Amino acid sequence: MKLFILILSVVSVLALPGAKQPIHLKKSIGGRIIGGDIARSGQFPFAAAIYTTTVDGNFFCGGTLVTDQWILTAGQCVDGVRIFTIHLGSNSLQGSDPYAVKVSADTYVLHPDYNIATLDNDIGLIWLREPVPFSDYLKPVDFLPFAEISPSSSAMAIGWGQVGDEDPGIVDELQWVYVTSLSNPECRIVYGSQITDSMVCVDGNYNEGTCKGDSGSPLVQIISRGHTVVVGVSSFISQNGCESTDPSGFTRVYPYNDWIKNVTGKT
C-alpha cells in the first residue's frame, strides 16, 4: 500500500521540526502541471491563486471562484490560515495583466468533518469581503456537479503547482492537463483503505497529474455549450512523488453540494 501526502506548496522556505523532506525521483522532460499545457487567456476564468499565511509560514494553493464572494478550495488550504492573498482574472501570477484582480481575505469556512490525518472531507470555502467584478477573464464556474463523476470519465486538472519533483516552486502560468477518473476500488489498489467515498483518483497519460502547489485547485468537466462543472478539489499525491505513475487524489464535490450551497448561496 502506498501513502498519500498533502500537496501544499511552500512559498517561503520553512524548517519545521519533523517536517517531511521532498522525495526526488527522475526528472520529467518538458513537464508542466505534470505533463500538461499552458492555459490560454480566459480558458479558466474561475481559477484562483491563493497565497496563505499561517503560524507555520506561507503556503500556496489553488481554488475555484463559485460566486462573486466565495472561493472553493481544499480544507488543508484554509485550516488555521490568518490571511489569504488571492489572485483572480489572470493566468499569470507575475506581470501587469490589466484583467488581474488581487484581493485579501481573512474569513473561511472549513468543513466540520475535515480530518487532517486522513484528508477525509478535505474541502473549504473562503469568503471575500467585497464582490469581485466579472469580466470575460473573471467569472465563477458555471455549475456544481449534477451527479458523481463516474469511473473512466475525462476531466481537466488545472493549477500553478510544481512541474516536476526536481523543479520546486510554483510556476508563473496556469497549467492544465486531461486526466481520467478511476473507480475507488481501482484507487484502493494503490492507496488501500485510505481512499474513502468522498475521494476520487485520476490518472493521466503515464505520469500526468497534479503536484505540490496544486492543492485546492479544481478538477473540471465541460458540458453542453461549453459550460464548466467543478467535480473535484485537488487533495493529495503519492509519497512516491509527482512524477510517479500513481494516481492523483481529489475530494469529490458532489457529496458537498448542499453544504456549498448553504454556505455560499450558489444556485
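Student: In this predicted model, where is the place of Ser 152?

Tutor: Ser 152 lies in the loop that runs between strand S10 (124-127) and strand S11 (154-159).

Student: Why is Ser 152 called exposed rather than buried?

Tutor: The relative accessibility of Ser 152 is 62%, and exposed means over 50%. Ser 152 therefore counts as exposed.

Student: What is noted about phi of Ser 152?

Tutor: Phi is near 70° for Ser 152, a positive value in a residue other than glycine.

Student: Which residue has phi near 60°, and where is Arg 225 found?

Tutor: Arg 225 has phi near 60°, again a positive value in a residue other than glycine. Arg 225 sits in the loop between strand S14 (218-222) and strand S15 (228-238).

Student: How do you know whether Arg 225 is buried or exposed?

Tutor: Its relative accessibility is 84%, to be set against the cut-off of over 50% for exposed. Arg 225 therefore counts as exposed.

Student: What makes Ser 217 count as buried or exposed?

Tutor: Ser 217 belongs to the loop between strand S13 (199-203) and S14. Its relative accessibility is 3%, and buried means under 20%, so Ser 217 counts as buried.

Student: Which residues does Ser 217 touch, not counting residues up to four places away in sequence?

Tutor: With that exclusion, Ser 217 touches Gly 62, Gly 63, Ile 158, Gly 159, Gly 232, Val 233, Ser 234 and Phe 250.

Student: How many residues apart in sequence are Ser 217 and Thr 64?

Tutor: Ser 217 and Thr 64 are 153 residues apart in sequence, while their C-alpha to C-alpha distance in space is 6.7 Å.

Technical notes:
Residues are numbered from 1 along each chain as its sequence is written. This is a predicted model: local features need pLDDT of at least 70, side-chain atom pairs count only at pLDDT 80 or more; totals for chains, interfaces and linings use all residues. Side-chain values use heavy atoms; hydrogens and water are left out. Helices (H or I, at least four residues) and strands (E, at least two) are DSSP runs, numbered from the N terminus. Buried means under 20% relative accessible area, exposed over 50%, partly exposed in between (1.4 Å probe, protein chains only). Contact means heavy atoms within 4.5 Å.
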